Amino acid sequence: SGTMVRVVSAHTGSTTFSYTIDKSTSTKTIGTFGNFDITVSGKQAVVVDSKRQVLVLSFGLAARRQKNGDPYMTMVPGVNQYVHQYHVSVPQGFEKNYFAIMVKKGSKSSLLLDNDSISSKNTVSEASVTVKGLDYVVLTVMVNQGVHRVETKDRSRFGLMIYGHGHDDGYGFAANILGPGKL
């Protein structure tokens, strides 16, 4: 049903940042250790850009109408924290599980999930975004529970977030928060 993205200032004084949704950019200024919330729909991607350090949190919102899901929160890693390979475990007990993969557009065809190319039949959504002049693709891919390896053949760095939901339950985490992957 959507996501709330919270941008938190890590500084005293004011912090100015921009955020882009569907090629529309807005600029906000927050005060000392302040925060600002951005709500996006289920298939939108948001890019947050700040010259000063900010903490970005993602809150998966509850899907109460379908009795599917529950709120969860995860930290969102910056592009400077991406690696080229992740080994992750998708927890048991959830009906639907997803990978959100943020990869440079030119490296999309280099993505491998468990040594296979990512199938379009498992891709739920795809959004294009620009980060500091570079074109990225944000793929949402349905996956099964269990252990997975996600990597790029060309060793380009990418971001990976894991989330899912079941009956009145949900979870989410960034892959490099759980473990360092491989550099």
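Is E151 buried or exposed? At 9% relative accessibility, E151 counts as buried, where buried means under 20% relative accessible area, exposed over 50%, and partly exposed in between (1.4 Å probe, protein chains only).

Before the points, some ground rules: this is a predicted model, in which local features need pLDDT of at least 70, side-chain atom pairs count only at pLDDT 80 or more, and totals for chains, interfaces and linings use all residues. Residues are numbered from 1 along each chain as its sequence is written, and side-chain values use heavy atoms, with hydrogens and water left out.

1. Salt bridges. A salt bridge here is a side-chain nitrogen of Lys or Arg within 4 Å of a carboxyl oxygen of Asp or Glu. By that rule, the count is four. Side chains of opposite charge can pair when their charged atoms come close.

2. E151 and R149. The buried E151 has R149 as a salt-bridge partner, at 2.8 Å from N to O. R149 is partly exposed, with 32% relative accessibility.

3. D49 and K132. These two side chains form a salt bridge with an N to O distance of 2.9 Å. The pair joins distant parts of the chain, 83 residues apart: D49 sits in strand 5 (residues 46-50), and K132 in the loop between strand 12 (123-131) and strand 13 (134-143). Helices (H or I, at least four residues) and strands (E, at least two) are DSSP runs, numbered from the N terminus. D49 is partly exposed at 31%, whereas K132 is exposed, with a relative accessible area of 66%.

4. E126 and K108. In this salt bridge, the closest N and O atoms are 3.0 Å apart. Here too the pair links distant parts of the chain, with E126 in strand 12 and K108 in the loop between strand 9 (96-104) and strand 10 (111-113), 18 residues apart. E126 is partly exposed at 45% relative accessibility, and K108 is partly exposed at 32%.

5. Backbone at D22. Please have a look at phi of D22, which is near 50 degrees, a positive value in a residue other than glycine. D22 lies in the loop between strand 2 (15-21) and strand 3 (24-30). With a relative accessible area of 55%, D22 is exposed.

6. Backbone at R155. Phi of R155 is near 65 degrees, again positive in a residue other than glycine. The loop between strand 14 (146-152) and strand 15 (159-166) holds R155, and R155 is exposed, its relative accessible area being 55%.
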